Amino acid sequence: MNVNKNTSQTPKSPTKILVVEDELIAAENIARNLKKLGYEVIGIVDSGEEAIEAATNNHPNLVLMDIMLQGDLDGIEAAGHIRSELKIPVIYMTAYADDDTLGRAKLTEPYGYLVKPFKPQTLRTTIEIALQKHQGEQSVELSYIKEIEEVKNKLDQLTNQEELTSLTNRIILSDKFAKVVSKIPSFKEQNSQQEKDFTPTISVICLGINRFKRINDLGYEWGDLLIKSIVKRINKFISKNSIIARLNTDELVIILEPINTKSETTVLIQNILEEFTQPYVLNKQKFLISANAGITLYPVDGEQLGKLLLKARNAMEYSRIQGDNRFNFYKKEAGKHQNNNTLKLENNLYSALSNKQFKIYYQPIINLKTGQIVGAEALIRWQTSDGSIILPGHFLPLAEETGLIEAIGEFVLKSACEDVKALQDIGLGKIRVGVNISARQLNQLDLRKKLVKVLLNSGLAPNYVELDINESVLITNQTTAMRSLHGLKTLGIQIAIDDFGTGYSSLSYLEKFPIDSIKINQNFIRKININSTNQVITSAIISMAHKLNMRVIAEGVETEEELAFLVKHNCDELQGYVFNRPLPLVEFASLAESLAGCPQMINDWINQNKS
Ligand code: C2E
Ligand code: MG
């Protein structure tokens, strides 16, 4: 008997099934029935580990999985791996299961449940429905891949558009950087005859504009106007094929075409900084500002753009200490000095933890359909002994480097769960909390165990915890991240990709991970009401996320115009200054209480866009 639903005329090979069952008699019984029904049993194994191994090696069409297994991995965990990494459908077999177990099992999106003992007919029906469902999903997946390709092509086209060349954004920047890098070999060949010791290099310059905030505070138009005039002046000095982009509000990055000697860059940066001694005139008002620069060289200081930028920024920070309009190449001065500073910061960081100087702020997350506060992101702050607040960008990189991030991360997780449980207990609704998880934390073998402990101790139900994992972490550590995330996911928590969009190639990775929501990087939200590139990217992300049943959170929404665009384009949730900045717990609680979850402004927008 041919059990395949396949309708083609040529006889198909039988469906291959892996049986995972630790009771031998039951296992053999199932295998016998399967064979009678015309299926091929490719193996019987009795542990989660063996199930993963057998599925990886033999690629069955389907796995029948007992939930309760001996050994370290239970059936649900094994199924999590098999589903996500191998994309093989799984049917659970179980004699009984409590709600918690069923809840966990559900998270792995099984293709069916068989309650033991079951009849051969039930076995067959369940298998056939599963196979049909899987086939249907595969064809949806194919059209989805096609769609992704189209979006990518669109992005590529946009990259080449003239309007963007003045100020490109981050994704486009990495793309352009790769293009500059690709020019190096031919450049080398041309010159190697004449100059034996010549090594072509690319300069990456980080240019920080000082006192920018003062001007930006007059309104974003002012800040933008200033950046435009700065770019105009810089353009006088750099070649047409060099790149200039705005990295952050007050930071520009300049990537020069391959050059011969460092001194060319030196002359250029001197010229650029010289320009800052002349005032800028904006709307007939004069502004005197200054800048500092840090420079890294590809490939000696690093080969990846991310690393080069980070080091260039460090060198720029060091130049700031030296005074206005100074610059430094990475290694020479900045590097040496930095070690001392780093050491001091490191010592302080250690004591900060024991001195309880870390505070958690909460930034509200609003549902754009209902206008309600549905959650908060926990954001760490370092309150030093003199009362000043240091933002995470200034100390987390070092914490990550030294490993201190593991202790800090644990502290944040624990505090966030306790705080939110307390808010729920005083009747502030079932809000969830987003906690950022760093690369190092995600690689921790016992992260899952720690999370279980925190959840049990705080009493917060797992579905109110959302772990924010940076997109770049997922992309650079795919295998580890996937394993870790599936393990975490089985606890019933939610997972968000943070800073989405900065990785560009990431669109196609999306579906590989067990993800509940996507947080769109604020670079894409900026000026979205008028920036057509951001519009295309963001609406593509939203529609794709919705196809994959994921929620979309727009980050860094600052203006009502940006908000209006997002509401119109069905973005699910928002986080940003337009509603509120991150707040200490008590302030967050009173805000949530006073608004009773109904911020007027957002509801107004929603109503306006409905009509
Ligand atoms: P993130 O996860 O992308 O968090 C959002 C950041 O955007 C926060 O910066 C927030 O204050 C800021 N933000 C929110 N709305 C707006 C807006 O409308 N405009 C602008 N310009 N900014 C907005 P923050 O608090 O400085 O945190 C920076 C990053 O540090 C976070 O980025 C996150 O990656 C990391 N971080 C913060 N707390 C933790 C933590 O406890 N653990 C770990 N591992 N990382 C953390
Ligand atoms: Mg985050």
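View 1. Gly-375 is buried, with a relative accessible area of 0%, where buried means under 20% relative accessible area, exposed over 50% and partly exposed in between, for a 1.4 Å probe and protein chains only. Gly-375 belongs to strand 14 (residues 373–383); strands are DSSP runs (E) of at least two residues, numbered from the N terminus. When neighbours within four places in sequence are left aside, Gly-375 is in contact (heavy atoms within 4.5 Å) with Gln-363, Pro-364, Ile-365, Ile-431, Arg-432 and Phe-588. This is a predicted model, in which local features need pLDDT of at least 70 and side-chain atom pairs count only at pLDDT 80 or more, while totals for chains, interfaces and linings use all residues. Residues are numbered from 1 along each chain as its sequence is written, chains are lettered from A and ligands numbered from 1 in the order in which they are written, and side-chain values use heavy atoms, with hydrogens and water left out.

**View 2. The magnesium ion (ligand 2) and its protein donors.** Glu-377 (OE), Asn-436 (OD1), Asp-468 (OD) and Asp-498 (OD) lie 2.1 to 2.5 Å from the ion; donors are N, O and S atoms within 2.8 Å of the metal (3.2 Å for Na, K and Ca), and water is not among the atoms, so sites may look incomplete. Asn-436 lies in strand 16 (residues 432–437) and Asp-468 in strand 17 (residues 465–470), so this pair ties together parts that are 32 residues apart in sequence. Asn-436 is partly exposed at 28% relative accessible area, whereas Asp-468 is buried at 2%.

**View 3. Strand 8 (residues 251–255).** Glu-251, Val-253 and Ile-255 on one side, and Leu-252 and Ile-254 on the other, are all buried.

Note on methods: Helix = DSSP H or I, 4+ residues; strand = E, 2+ residues; numbered from the N terminus.
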